[in-house]
Amino acid sequence: MSITNELEEILKESKEVLSSSKTEQDLDTNKNLFIGKKGKLTAVLKGLATLSVEEKKTVGARANEISKEIENFVTEVKQNLKKAFYEVELKKQKFDVLKPTKEQEFGSLHPVTKIQYEVEDIFVSMGFEIMDGPEVETDFNNFEALNFSADHPARDMQDTFYTEDGNLLRTHTSAIQVRALKILKPPFKIIAPGRVFRYEEVDASHENTFYQIEGMVLDKKVSTSNLIYTMKVLLSEIFKKEVTVRLRPGYFPFVEPGFELDIQCMVCNGKGCAVCKHSGWVELLPCGLVHPNVIRDAGHDPKEWQGFAFGLGLDRLVMMRYGINDIRYLHSGNLRFLKQFAKI
Ligand code: FA5
């Protein structure tokens with residue numbers, strides 16, 4: 001075989017061998033078979049010495065071209081091998097950030113949140129809007145504007161934590177009534193859920209941090225019948241069965257008349273237990289018609305506008321709904337307790 005043919009054969013063979021390389025290391029070894037010190041092309045070039053000057057020129061030039069072509073082919077194969085390597089590696093590393101680590105480890109809504117959402121749905125379906133307010137309130141919004149003057153004895157029932165600048169942790173969601181009266185143009189219907197705080201001796205039915213849902217309607221011709229009807233709808237929707245309630249007079253400076261709506265204790269079925277303080281009844285839903293002073297102080301004419309308001313104790317509602325015999329379970333972060341509500 002002539003040297004020229006031998007060179008073309010080497011080029012052909014080198015491409016076949018180089019293409020079969022599986023790794024970059026393989027490729028280096030295969031490259032040396034052709035253009036390394038002991039490679040086939042190097043060996044042929046050594047034979048050039050026997051050729052004439054003219055042949056040396058043409059065959060030598062072709063040999064150089066072939067050497068370059070093999071080098072270029074090596075570079076091309078190397079790039080393809082790199083690309084394939086990273087594709088495989090990336091596929092191995094692909095992971096789903098949202099995939100739960102264990103099948104059973106989903107979190108769930110807190111029972112108080114669940115019931116809050118249910119109450120919200122009931123009121124939204126009756127045309128109420130949902131309002132929010134801050135947990136750190138002014139004395140004015142929490143007390144003063146609700147007819148509790150600075151030395152009013154009813155303040156003693158709702159002692160709280162004060163900040164150094166004279167504000168306080170709100171003791172009830174009724175503070176949001178004041179905000180609603182200021183911001184909204186009557187007629188309006190709102191509910192306002194939220195966390196409230198009191199300096200309170202903790203027992204089976206009293207926490208120092210608990211939840212309420214405020215409700216307020218301001219319109220023309222609002223009566224106690226509207227209030228009682230709305231409370232009835234709420235309770236029948238929440239409990240989905242007849243519940244025994246009693247209505248008695250209750251005093252709150254910002255309503256007149258004021259009522260206490262108690263529910264027969266569903267932990268002991270009215271027999272008496274720690275939750276109802278052995279009375280058979282649980283205070284759940286104080287309410288009343290908005291006091292004319294509150295309406296007037298907010299800049300509306302109490303002869304034109306009337307309203308009702310209520311303040312639902314959400315934790316106690318949850319306790320009645322599920323028969324929970326101690327309020328302290330609710331906010332203790334006890335997972336064995338909370339997990340029982342995951343599938344409800
Ligand atoms: C009030 O807080 C009034 N703002 C309610 C109101 C609103 C009256 C609008 C009239 C018109 P009271 O302090 O009774 O009222 O609390 C309301 C409800 O919150 C109670 O019936 C009870 O269900 C719940 N509650 C009160 N104190 C605690 C406590 N320490 N722990 C858990 N729940 C409580």
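**Backbone exceptions, cores and ring pairs in a predicted model**

Lys-221 is found in the loop between β5 and α8, where helices (H or I, at least four residues) and strands (E, at least two) are DSSP runs numbered from the N terminus. The model is predicted, so local features need pLDDT of at least 70 and side-chain atom pairs count only at pLDDT 80 or more, whereas totals for chains, interfaces and linings use all residues. Residues are numbered from 1 along each chain as its sequence is written, and side-chain values use heavy atoms, with hydrogens and water left out.

The phi angle of Lys-221 is near 60°, a positive value in a residue other than glycine. Lys-221 counts as exposed, at 74% relative accessibility; buried means under 20% relative accessible area, exposed over 50%, and partly exposed in between (1.4 Å probe, protein chains only). A positive phi is also found at Lys-240, near 55°. Lys-240 has its place in the loop between α8 and β6 (245-249) and, at 64% relative accessibility, counts as exposed. Most residues other than glycine have a negative phi, and most peptide bonds are trans. A cis peptide bond joins Pro-186 and Pro-187, with omega about 5°. Pro-187 lies in the loop between α7 (174-183) and β4 (188-197). Glu-256 and Pro-257 are likewise joined by a cis peptide bond, with omega about 0°, and the place of Pro-257 is in strand β7.

The interior was described through nonpolar cores, a core being a set of buried Ala, Val, Leu, Ile, Met, Phe, Trp, Tyr and Cys residues joined through side-chain atoms within 4.5 Å. In soluble globular proteins, nonpolar side chains tend to be buried together. The largest nonpolar core has 45 residues, of which Val-119, Phe-239, Leu-317 and Met-320 touch the most other members. At least two residues of this core are supplied by each of α5 (111-125), β5 (209-219), α8 (224-239), β7 (255-264), β9 (287-290), β10 (306-313) and α10 (314-322). Helix α8 gives the largest share of this core, six residues. Apart from this core lies another, of 24 residues, including Phe-188, Met-216, Phe-252 and Ile-295.

With residues up to four places away in sequence not counted, Met-320 touches Phe-239, Ile-263, Gln-264, Cys-265, Met-266, Val-267, Val-275 and Val-282; contact means heavy atoms within 4.5 Å. Val-282 lies in strand β8 (residues 281-283) and is buried, with a relative accessible area of 3%. Neighbours within four places in sequence left aside, Val-282 is in contact with Leu-261, Asp-262, Ile-263, Cys-265, Val-275, Cys-276, Arg-316 and Met-320. Between Val-282 and Gly-270, which are 12 residues apart in sequence, the C-alpha to C-alpha separation is 9.3 Å.

Two packed helices are described by the angle between their axes and the distance between the axes. Helix α2 (residues 24-35) packs with helix α4 (residues 53-93) at an angle of about 170°, the axes being 10 Å apart. Axes are lines fitted to C-alpha atoms, for helices over the stretch in contact, and angles run from 0 to 180 degrees between N-to-C directions. Helices α2 and α4 are therefore roughly antiparallel to each other, where angles under 35 degrees count as roughly parallel, over 145 as roughly antiparallel, 65 to 115 as roughly perpendicular and the rest as oblique. From α2, Glu-24, Leu-27, Asp-28, Lys-31, Phe-34 and Ile-35 meet Ser-67, Ile-70, Glu-71, Val-74, Val-77, Lys-78, Leu-81 and Lys-82 in α4. By class, this contact has seven nonpolar, one polar and six charged residues (Ala, Val, Leu, Ile, Met, Phe, Trp, Tyr, Cys and Pro count as nonpolar, Asp, Glu, Lys and Arg as charged, and the others, Gly among them, as polar).

The structure holds 10 aromatic pairs. Rings of Phe, Tyr and Trp (its six-membered ring) pair if their centres lie within 6.5 Å; planes under 30 degrees apart count as stacked, over 60 as edge-to-face and the rest as tilted. Phe-123 and Phe-310 form a stacked pair, 5.4 Å centre to centre with 25° between the planes. This pair links distant parts of the chain, with Phe-123 in helix α5 and Phe-310 in strand β10, 187 residues apart. Both Phe-123 and Phe-310 are buried. Tyr-322 and Phe-341 form an edge-to-face pair, 5.0 Å centre to centre with 70° between the planes. Tyr-322 is partly exposed, with a relative accessible area of 23%, whereas Phe-341 counts as buried at 6% relative accessibility. Ring pairs also link Phe-143, Phe-148, Phe-252 and Phe-254 into a cluster.
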